[in-house]
Amino acid sequence: MNTSSVKADFAAIANLIQPKLSPDSRILTTETELAPYRLNCEGDAAQTQLVLRVADKSDIAVVLKLASDHKNTKLAFTVHPLSTGRNWGYSSARANDRNAIILDLSGLKNIVKDDETLGIFTVEPGVTQQQLRDYLNDQQLKFMVPVTGAGPGCSILGNVLERGYGITPYTDHFAAVNSIKGFLADGTEFQSAVAELDKSKDKLVDKTYKYGLGPYLDGLWTQSNLAVVTEITLRLKAEPEAFSAFYLQFASEHQFEQAQQLVFTILQKLEGVVGSVNIMDQRRVTAMMAPNPNGAAAHQVMTEQQVARLAKDYDIPAWTIAGTLYGQKTVVKAAKAEVKRFAAGQCSKMIFSDSWLINIGRMVMQLLPSGMLSKQRKMLSSLDGGIEIMRGYPNQVALPLAYWRNPRIQPSKDQALNPAADGCGLLWYAPLVPMRSEAMRRFIGHVRDVCPKYGIEPMITFTSLKHDTVDSTIPIVFNLADPAAVTQAHACLEALVSEGLRQGWVPYRLNLAQQASLLDPDTPFWQISGKIKQALDPDNIISPGRYQPAYHCPKPDPQP
């Protein structure tokens, strides 16, 4: 039976699964219980009808076996595992198959300190950035959390499986993962060949060596639908003796090429000391600092005059470089001197987080009444929030960007932000761009040409993963309550991607709709991927359609 062509009987499926579960695992079926799983930032309808909140890993194998046993019956169903479901702008908790039950693994929160000297830790899917931070603090362990801008409540494991990255020293989060465990579609629990051969009690050696023995399989479990991952073991970076964030400002738009070359030099010459480096344009920084001058409900791009006024008020240059230096005090001191030497005579302003100017600014703000110098306070607060992220302390400093066009909720640092639950409209265009000034300048022109045609603010960030690799993140922010704005936002993303591909700018990850429309099942790569899927999951039980271009997602039922 093709589960995609017949609507599942979720009540009967719930009755089938419930008796087989451990006592603490729960099935959710009421409208109130399901509501959080139906929310996303893209404006796509999510028809989740059944959620299994897993409390015991053994239940995963039970459910997978039931799905396999009933694949040709009226109780046929698929499963869609998620860690915390906070994949903002990339479908959040939505499954691609209407007959999928959501396998919510957020209740699996174990953290294992495998070796505190080596910095080796194992985490389960529900472990968030904040929970890992709290664990390290409670244990008085001096390590950095591999944070992202997605916020404290997002899963460490989920980000790894999407091949996410951050701005801390271990920039590529999957690169820091040494071993992965989980379940295949038939319920088989897998681990590496090293772990299988190791007869010792703790099997530590598997957790210290990434590539194992024999064919390297762990990469198959990322950006795929081949398994349900239940734990990862990763290296955490020890907190450095010294830290300094640097901000290099360029007053003129025409200085981008200088900024790009400077970033290239810093990354190439100071590899191992410098973390990732961002280049942000004026509109991107403005959206982080200032309220939307057109009002959050307006589907309207800021004029050049508005940008210039806000840039003057908040002292925002045309281009800002943000980076970090980590290491021993003598090393960081020497690296700072090198950054200053590289940037001398090029940038309009050079700021270091440990400078006397910043420290005096903090002291002044503490002494003055809270109502005074509100703009300067916001600037300093944003700066401090960014510094905390760079030090491996999760916070919400980047999340207000998602609320730029949300007329219903004004974000506050005192409240937990959830862009999906709060009705924020957000999509991402995140292509890889060669680290060449000419290609990057053409990309800037591309974004600034396409976005305004669809009423989207062209906000640009380049994140330099290595001296030869750049990922650009373009947030497509819109009013989710405005149907016309939703349509325009999706059209904007499609236009950015289609022309970008012709220029050689390929996204490093895709949302569900893009996976279906852009990936060609007849190309050799996806033919190979399809064969692996057929071998590991012949009944297509795990997340049908996820990075699976041959899958045809059924149209959703008409809304009542």
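1. The side chain of Asn 294 makes a polar contact with the side chain of Gln 306 at 2.9 Å, a polar contact being a pair of N or O atoms within 3.5 Å in which, within protein, one must be able to donate a hydrogen and the other to accept it, and residues adjacent in sequence count only if both atoms are side-chain atoms. Asn 294 belongs to the loop between α8 (282-289) and α9 (304-314), where helices (H or I, at least four residues) and strands (E, at least two) are DSSP runs numbered from the N terminus. Setting aside neighbours within four places in sequence, Asn 294 is in contact (heavy atoms within 4.5 Å) with Gln 300, Val 301, Met 302 and Gln 306.

2. A word on the basis of these points: this is a predicted model, in which local features need pLDDT of at least 70 and side-chain atom pairs count only at pLDDT 80 or more, while totals for chains, interfaces and linings use all residues. Residues are numbered from 1 along each chain as its sequence is written, and side-chain values use heavy atoms, with hydrogens and water left out.

3. Leaving aside neighbours within four places in sequence, the residues in contact with Trp 221 include Leu 161, Ile 180, Phe 190 and Leu 536.

4. Trp 505, in the loop between α14 (483-503) and β18 (506-507), counts as buried at 1% relative accessibility, where buried means under 20% relative accessible area, exposed over 50% and partly exposed in between (1.4 Å probe, protein chains only). Not counting residues up to four places away in sequence, Trp 505 touches, among others, Tyr 429, Val 433, Arg 442 and His 446.

5. The structure holds zero disulfides, a disulfide being a pair of cysteine sulfur atoms within 2.5 Å. For Cys 41, the nearest cysteine sulfur is that of Cys 424, 6.0 Å away. Cys 41 is buried at 0% relative accessibility, and Cys 424 is likewise buried, with a relative accessible area of 0%.

6. An open sheet of five strands runs in the order β5-β6-β9-β7-β8 with antiparallel pairing, strands being paired if DSSP finds at least two bridges between them. Strands β7 (residues 177-183) and β9 (residues 228-235) pair over six bridges, and Phe 183 stands opposite Val 228 in β9.
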